[in-house]
Amino acid sequence: MLDERGIEYVACGSKELDITNRAQVQAKFTELKPEAVFHCAAYTAVDKAEDEAKDLNWQVNEQGTKNIANAAQQFGATLIYISTDYVFDGTSEGEYQVAAPTNPKNEYRKAKLAGEEAVKSIMDKYYIIRTSWVFGEYRKNFVYTMLRLAKTHDHLTVVDDQVGRPTWTRTLAKFMLYAIDHQIPYGTYQLSNDDSCTWYEFAREILKNENVEVSPVTSAEYPQKAYRPRHSIMSLNKVKATGFEVPTWQEALGRFMDEVGEDK
Ligand SMILES: NC(=O)c1ccc[n+]([C@@H]2O[C@H](COP(=O)([O-])OP(=O)(O)OC[C@H]3O[C@@H](n4cnc5c(N)ncnc54)[C@H](OP(=O)(O)O)[C@@H]3O)[C@@H](O)[C@H]2O)c1
């Protein structure tokens, strides 16, 4: 999207910049003097963060975020930090407003919330953007996994008792740029595609043109180490109040499939 807009940028993976290394972060900011920093890096292996990678989870998600926030503040940059619906416990029947009480239920969630708190306490010019169920062109995600499995299976079972909001990376990226372009008030926002679904309903929509049967199962039939929320719907009111138009997840998925989905 930055390419499309002709905006100059430098993109760093962990090899170019290890955010846990404070000296490296300082050196990179000294070299680049960025006006805006999109901080999307995170340790995201939710189950491993429970035990074998507990320390790494905290080093990246809390300390790494502190390093980025300190440097961004020092250099006067605006920071956009990507956070998660996982700061909530996912037990509310309604929508989580931005200011609703947080209650992170596992190590990954706790460290991501600590990242949010670091950004708030260190930065003046920041946007924290919480998102959920992300899919897009690059890297592994649920849409690609379903399309890949459909090529080798006649029948798939998918969890039907966890409700959330899918988010197309293009919608998210668009809002990240929108926040800066429109100089919306600094603070915390929640952005996913509109409407909601279960993983099963999401899978059905992804696979509607594939020759595969999809059946619902309960979470109890598919146990995972780290806690997963049953009903994790974040309110989009604050984002909508900025004038940003949020497509439904069905519209976003349709456009994504038109762009790249069929090739995968
Ligand atoms: N995926 C979702 O459904 C979802 C939902 C809510 C929020 N989020 C948030 O969205 C953001 C992106 O998540 P994702 O799903 O794209 O995760 P991902 O695929 O695991 O990507 C994580 C990125 O972080 C980088 N990274 C990890 N450790 C690093 C370090 N020490 N220094 C620098 N970079 C490091 C990785 O770089 P390398 O590839 O070079 O290792 C990778 O580019 C995260 O903040 C995540 O918490 C994601």
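Visitor: Before we get to the helices, what are the axes, and between which directions do the angles run?
Guide: Axes are lines fitted to C-alpha atoms, for helices over the stretch in contact, and the angles run from 0 to 180 degrees between N-to-C directions. Please keep in mind that this is a predicted model.

Visitor: Okay, so how do H5 and H7 cross?
Guide: The axes of helix H5, residues 142-152, and helix H7 come within 10 Å and cross at roughly 60°. Angles of 65 to 115 degrees count as roughly perpendicular and those under 35 degrees as roughly parallel, and H5 and H7 are therefore oblique to each other.

Visitor: And which hand does the crossing of H5 and H7 have?
Guide: The crossing of H5 and H7 is right-handed.

Visitor: What about H7 and H9, how do their axes cross?
Guide: Helix H7, which covers residues 199-206, and helix H9, which covers residues 249-259, have axes that come within 11 Å and cross at roughly 40°. H7 and H9 are therefore oblique to each other, and their crossing is right-handed.

Visitor: Then H2 and H3, at what angle do they pack?
Guide: Helix H2 (residues 22-32) packs against helix H3 (residues 54-75) at an angle of about 30°, and their axes are 9 Å apart. An angle under 35 degrees counts as roughly parallel, which is why H2 and H3 are described as roughly parallel to each other. H2 passes H3 in a right-handed crossing.

Visitor: Switching to the ligand, which residues come nearest?
Guide: There are 21 residues around the ligand, and of these Ser14, Thr44, Tyr108, Lys112 and Arg139 come nearest.

Visitor: Which atoms lie by the ligand oxygens?
Guide: A polar side-chain atom of Tyr108 lies 2.7 Å from an oxygen atom of the ligand, and an N or O atom in the side chain of Lys112 is 2.8 Å from a ligand oxygen. For Val134 it is a backbone N or O atom, which lies 2.9 Å from an oxygen atom of the ligand.

Visitor: And how much of the ligand does the protein bury?
Guide: Taken alone, the ligand exposes 890 Å², and the protein buries 71% of that.

How values were computed:
Residues are numbered from 1 along each chain as its sequence is written. This is a predicted model: local features need pLDDT of at least 70, side-chain atom pairs count only at pLDDT 80 or more; totals for chains, interfaces and linings use all residues. Side-chain values use heavy atoms; hydrogens and water are left out. A residue is near a molecule or strand if one of its heavy atoms lies within 4 Å of it. A polar contact is a pair of N or O atoms within 3.5 Å; within protein, one must be able to donate a hydrogen and the other to accept it, and residues adjacent in sequence count only if both atoms are side-chain atoms. Accessible areas come from the Shrake-Rupley method with a 1.4 Å probe; for residues, only the protein chains shown count as cover. Helices (H or I, at least four residues) and strands (E, at least two) are DSSP runs, numbered from the N terminus. Angles under 35 degrees count as roughly parallel, over 145 as roughly antiparallel, 65 to 115 as roughly perpendicular and the rest as oblique. A crossing is left-handed if the near helix is turned anticlockwise from the far one by less than a right angle, and right-handed if clockwise.
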